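User: I have a few questions about this model. Can we go through them one at a time?
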Amino acid sequence: MDRFCELAGLIRLQFCRISLKQLLEIKAFFGSVENALDASESDWKQAGILRDKQRQKYFEEGIESSVEEALLWGEGGDRHWIPWGADAYPSALREIDDPPILIGARGRIELLHDPQLAVVGSRHASKQGAMIAEDFSEFLSSQGIGITSGLAAGIDTHAHLGGLRGIGKTIAVVATGLDRVYPASNRNLAREIAEQGVIISEQPLGTKPLAQYFPQRNRMISGLSMGTLVVEAALKSGSLITARLALEQGKEVFAIPGSIYNPQAKGCHQLIKQGAKLVESADDILEELSPLLQVSLQTTQAKTGERKTLETAGDERDSKLLSFIEFEPISLDELVVVTKKPVSELQSQLLMLELSGRIEALSGGRWRRIK
């Protein structure tokens, strides 16, 4: 019984799908989650905090075995349980209405604290939409921005693929338990994300992909991110729910325009009419997010093997690039030649230097030093 500590209690409550409000009421009534574990069913009835179905689930036969299995699952090297209030809990999620009481995660949980952009769209993506999602995500990830999506078929899949190719990597938020992959066609992709990025869920282990859990997932996708990019979406689309939630959370919403004859573009056009920012390139998004990025990147560890701070990484790396940039403009192509660095790496360092106020971007893909 010594393993049934606070985490065991939280997992048990997760199976009951309680809200944060209920969790706080439980702590206030019983004194702690641990104390609540020792309470009888009559005590819980007296508390009046859980609904009837939740209380029945809490005392369901076999629930302790399910909790034990979940605790064992969390002992895997890349598997984690992150309670609300823990240091590892993403600060962005703390700000949304009704944040999850407990998050399961597989992979690099430090990525959850980095600046992110949600990239979402239709499960029935066109070839052009898939290409746009992948290209935008790869470019933005090369700038150190994590790409957050829902592991669905279509746009989500290509957003994750693009994100994996950059230093920002990708975060998959799923609507099932982390012992399942949905859709099954993304099993290999999920394995790759767990190795290089991170997959998270607020759902208990064993949860099937039921319709009511997807809007809950969408609020986490938008909540983790600085903004949401909708690449393709029909008028009745879960992506529009994510966009609406982002607006309610005070986040930026971006939309890719498409053909007036494409039904998968109508949702994006509706968002643009409602005030979403029309974007034609990933640079449009960077320009809008640069003030937020400047704040976030100054307080977030840079994406290096040792996860150094931005200031330390800048001293060691960006200053070397700065030595090649004079007060006379120089192009990206010229920098590739003189530095012998790949374009993606240079773009990331140039963004850091621009945000720190040491260089400025000029027309025609040129840069010049300003101090």
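User: Which residues does leucine 335 touch, not counting residues up to four places away in sequence?
Analyst: Leucine 335 touches Leu321, Phe324, Ile325, Ile330, Lys340, Leu346 and Leu350. Contact means heavy atoms within 4.5 Å. This is a predicted model, in which local features need pLDDT of at least 70 and side-chain atom pairs count only at pLDDT 80 or more, while totals for chains, interfaces and linings use all residues. Residues are numbered from 1 along each chain as its sequence is written, and side-chain values use heavy atoms, with hydrogens and water left out.

User: Is leucine 335 buried or exposed?
Analyst: Leucine 335 counts as buried because its relative accessibility is 0%. Buried means under 20% relative accessible area, exposed over 50%, and partly exposed in between (1.4 Å probe, protein chains only).

User: Which helix is leucine 335 in?
Analyst: Helix H16, residues 332-339. Helices (H or I, at least four residues) and strands (E, at least two) are DSSP runs, numbered from the N terminus.

User: And how far apart are the C-alpha atoms of leucine 335 and leucine 346?
Analyst: They are separated by 8.0 Å, with the two residues 11 apart along the chain.

User: Switching to strands. In what order do E10, E11 and E12 sit in their sheet?
Analyst: The order is E10-E12-E11, in an open sheet with antiparallel pairing. Strand E10 (330-331) and strand E11 (359-362) are the edge strands, each pairing on one side only. Two strands pair if DSSP finds at least two bridges between them.

User: How many bridges link E11 and E12?
Analyst: E11 and strand E12 (residues 366-369) pair over 4 bridges. Isoleucine 359 stands opposite arginine 369 in E12.
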